[in-house]
Amino acid sequence: MTLCPSSHLLPLSNSPSPPPMAASLTTSSAASRLLLLPSASARAPLHRLSAPHSTNTSLAASSSYAFSPLKCRRYSPLPLLQRASSMSTVAAASDPAQLKSAREDIKEILNSKFCHPILVRLGWHDAGTYNKSIEEWPRRGGANGSLRFEIELKHAANAGLVNALSLLQPIKEKYSGVTYADLFQLASATAIEEAGGPKIPMKYGRVDVSSAEECPEEGRLPAAGPPSPADHLREVFYRMGLNDKEIVALSGAHTLGRSRPDRSGWGKPETKYTKNGPGAPGGQSWTAEWLKFDNSYFKDIKAQIDEDLLVLPTDAAIFEDPAFKVYAEKYAEDQDAFFKDYAEAHAKLSNLGAKFDPPEGIVLDGVQGEKFVAAKYSSGKKELSDAMKQKIRAEYQAVGGSPDKPLQSNYFLNIIIVIGVLAILTSLLGN
């Protein structure tokens, strides 16, 4: 996840550069990187979340085509944005059946467009404006669908995300019972899973904001060119209520995508891993298999022996900072641990700032995103866990017992116990 100055937000792409107007509607491709990268003029290390006032950053892959703010204003696809705005009334809970159908349509887009990185970025940017210090919804930001409005899409940190919206807008129109906030997060989680990543324990039912006036102001996302990459990462993610483990786990999403120097200022024009695409060939990837979600990002950053793989200052920071390094080393050695922590961090990020209707959310596939909290869900009655019940049953059956066959009584032992009790009582009465 890396940042890019607002004046040089030229994202990554897999397709040839189209005319400006066509570019604004071009679908993203696998070349999209999970996070916008700093331009060539920005030499200081940048982060991967989004952007501040004059310089902005980004949470995920840059889209196929991104523009400077002036270009966005000039060539903004107004018909698309007007359709999105016309469907912007506050929604109740999304319809579970429509959510499942929408997910299948998203999978088809992923298989044909290789747009996994930009869809991850869309979900991250809608949620990434959250400020834990603000309680009021939607002023607190977060996953509320506000990123569909033109005013927020024009934020420098969101350059190119109109391409992601153009991919999802037909699905939104097809499934009107799904809110934008849910659709963005559904697409993000599905992209991770379809790339081979872990099952994300998501929940749905996010309520959309109703107007552009409810969009967060520009500047909530991190500034470009932080003097200290590690400190910058903490400043950004701590504001959202995330911790060091979650910062490093989410950084692992860099396993997807590639960077193009002519658009981001980072990376090589072409490597042995990118010269044949898919999509338009070229760019430099973080990993050899840059459309596969695994833990190779951590292995490659740690080794740094392949000149064809990209390492940014913020990537290197996770192995240089002592606290970050603990988790980075762990994930490099243990993919299962990485997948577990990433899934939890992604789900947590997707819920930031959201207002759910119903309050407990909607769960698909029986996988709930929110962690169990005993104090919150306890009824005051203590009950054995299923695992403990199974253990007791196994021990019971091991000595000959079963639900239909109670253990036989040991009559001799019972008699001895009765005699002993009577003896004790007699002694007490005698005294």
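In this predicted model, helix H10 (residues 244-251) is mostly covered, with seven of its eight residues buried. The buried residues of H10 are Asp244, Glu246, Ile247, Val248, Ala249, Leu250 and Ser251. What covers them includes helix H5 (116-127), helix H9 (229-239), H12, helix H13 (313-320), helix H14 (322-333) and H15. Helix H13, one of these covering elements, also holds Asp315. With a relative accessibility of 0%, Asp315 falls under the 20% limit and therefore counts as buried. The C-alpha atom of Asp315 is separated by 9.2 Å from that of Tyr297, and the two residues are 18 apart along the chain.

The secondary structure comes to 18 helices and four strands. Of the 431 residues in the protein, 54% are buried. Among contacts with a separation of 6 or more, 79% are between residues 24 or more positions apart. The accessible surface comes to about 19000 Å², and carbon and sulfur atoms account for 56% of this area.

A pair of aromatic rings is described by the distance of the centres and the angle of the planes. The structure holds 10 aromatic pairs. In one of them, the ring centres of Phe293 and Phe339 are 5.8 Å apart and the planes meet at 50 degrees, so this pair is tilted. Phe293 lies in the loop between strand S4 (284-285) and helix H12 (296-303), whereas Phe339 belongs to helix H15 (residues 335-351), so the pair ties together parts that are 46 residues apart in sequence. Both partners are covered: Phe293 counts as buried at 1% relative accessibility, and Phe339 counts as buried at 14%. A further pair is formed by Tyr297 and Phe298, with ring centres 5.1 Å apart and planes at 75 degrees, so the arrangement is edge-to-face. Tyr297 and Phe298 are both buried. Ring pairs also join these residues into a cluster that links Phe293, Tyr297, Phe298, Tyr331, Phe338, Phe339 and Tyr342.

Inside the protein there is also some empty space. Rolling a probe the size of a water molecule over the atoms shows where empty space is left. The count comes to three cavities of 30 Å³ or more. The second largest cavity has a volume of about 100 Å³. It is lined by 12 residues, and those closest to its centre are Arg103, Lys199, Ile200, Met202 and Tyr204. Helix H8 (residues 180-194) contributes the largest share of this lining, with four residues. By class, the lining of the second largest cavity has seven nonpolar, one polar and four charged residues.

Several loops deserve a look as well. Ile362 lies in the loop between H15 and helix H16 (374-377), and with a relative accessible area of 11% this residue is buried. The C-alpha atoms of Ile362 and Lys203 are separated by 5.3 Å, although the two residues are 159 apart along the chain. Thr271 is placed in the loop between helix H11 (261-264) and S4. At 4% relative accessibility, Thr271 counts as buried too. Leaving aside neighbours within four places in sequence, Thr271 is in contact with Gly283, Gln284 and Asp308.

The backbone, finally, has some points of its own. Most residues other than glycine have a negative phi, and most peptide bonds are trans. Against that background, the peptide bond from Trp137 to Pro138 is cis, with omega near 0 degrees. Pro138 lies in the loop between H5 and helix H6 (150-153). A cis peptide bond also joins Asp357 and Pro358, where omega is about 5 degrees. Pro358 is found in the loop between H15 and H16, which is also the loop that holds Ile362. Positive phi values occur as well: Phe114, although not a glycine, has a phi of about 55 degrees. Phe114 lies in the loop between helix H4 (96-113) and H5 and counts as partly exposed at 32% relative accessibility. Gln304, likewise a residue other than glycine, has a positive phi near 45 degrees. The place of Gln304 is the loop between H12 and H13, two of the helices that are included in the cover of the buried residues of H10.

Methods. Residues numbered from 1 in each chain as written. Predicted model: local features only at pLDDT ≥ 70, side-chain atom pairs only at ≥ 80, totals over all residues. Heavy atoms only, no water. 1 Å grid on protein atoms, 1.4 Å probe; cavity = no way out; pocket = protein on both sides within 12 Å on 5 of 7 lines; lining within 4 Å. Points joined across faces, edges and corners; volume = space filled by probe spheres on them. Nonpolar A, V, L, I, M, F, W, Y, C, P; charged D, E, K, R; others polar. Buried < 20%, exposed > 50% of the residue type's maximum accessible area, 1.4 Å probe, protein only. Contact = heavy atoms within 4.5 Å. Areas by Shrake-Rupley, 256 points an atom, 1.4 Å probe, with all protein chains shown as cover. Phe/Tyr/Trp six-rings, centres within 6.5 Å; stacked < 30°, edge-to-face > 60°.
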